[in-house]
Amino acid sequence: MIGTPVPESKIKITSNNTQQLSLLASWGQGVLSDVEYSPDGKLLAIGTTAGIVIYNTNNLQKREFFLDTLIPIDELTFNPAGSLLAVVSNGLSSSVIQIWDINNQRLVKEFNSEFYGYGVGGSYIKKIEFSPDNTHLGI
């Protein structure tokens with residue numbers, strides 16, 4: 001968020017100092033659903049009901065806005081290289097899985113996964129993760 005000062009700190013968060021945590025700012029648009037740091041810690045991706053916003057962590061400036069969708073973002077994750085962002089949006093009768101090229105702000109792959117809704121016997125995608133060697137995407 002522009003104008004939000006971020007104090008320098010090298011203090012690691014532990015169970016002994018969590019009472020000292022405080023809210024500095026709120027980011028993104030819509031209702032927050034997932035937050036993910038890139039593997040190198042330089043980017044912060046925020047998934048919301050309005051889409052995805054990516055911030056540079058060194059100055060908290062908005063970097064890119066990828067999706068402007070009515071379907072909420074339920075899950076997102078970076079690949080180990082930090083160059084791709086996998087995104088899940090669960091709808092009423094299917095899930096959409098998208099893979100975005102972070103550097104070129106380009107959708108490179110989209111999958112649709114049909115299921116039987118949220119009702120009795122229904123399921124949806126709760127987690128998505130790249131393998132450490134970047135050869136598989138677990139859904």
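Strands are DSSP runs of E with at least two residues, and helices are runs of H or I with at least four; both are numbered from the N terminus. The model shown is predicted: local features need pLDDT of at least 70, side-chain atom pairs count only at pLDDT 80 or more, and totals for chains, interfaces and linings use all residues. Residues are numbered from 1 along each chain as its sequence is written, and side-chain values use heavy atoms, with hydrogens and water left out.

**View 1. Glycine 47 sits in strand β2.** This strand spans residues 43–48. Glycine 47 is buried, at a relative accessible area of 0%. Buried means under 20% relative accessible area, exposed means over 50%, and partly exposed lies in between (1.4 Å probe, protein chains only). Leaving aside residues up to four places away in sequence, glycine 47 touches Val31, Leu32, Ser33, Asp34, Ile52, Ile73 and Leu76. Contact here means heavy atoms within 4.5 Å. Glutamate 75 is 28 residues from glycine 47 along the chain, yet their C-alpha atoms are separated by 7.2 Å.

**View 2. Eleven residues form the largest nonpolar core.** A nonpolar core is a set of buried Ala, Val, Leu, Ile, Met, Phe, Trp, Tyr and Cys residues joined through side-chain atoms within 4.5 Å. The members are Leu43, Ala45, Ile52, Ile54, Ile73, Leu76, Phe78, Leu85, Val87, Trp100 and Ile102. At least two residues of this core come from each of β2, β3 (51–56), β5 (75–78) and β6 (84–90). A second, separate core has 7 residues, including Ala86, Val88, Ile125 and Ile128. In soluble globular proteins, nonpolar side chains tend to be buried together.

**View 3. Glutamine 98 pairs with glutamate 110 through a polar contact.** Glutamine 98 belongs to strand β7. With a relative accessible area of 13%, glutamine 98 is buried. The two side chains meet at 2.6 Å. A polar contact is a pair of N or O atoms within 3.5 Å; within protein, one must be able to donate a hydrogen and the other to accept it, and residues adjacent in sequence count only if both atoms are side-chain atoms.

**View 4. Glutamine 105 has a positive phi.** The angle is about 45°, although the residue is not a glycine. Glutamine 105 lies in the loop between β7 (94–101) and β8 (106–114). Its relative accessible area of 35% makes glutamine 105 partly exposed.

**View 5. Asparagine 134 also has a positive phi.** Its phi is near 65°, in a residue other than glycine. The loop holding asparagine 134 runs between β9 (129–130) and β10 (137–138). Asparagine 134 is partly exposed, at 35% relative accessibility.
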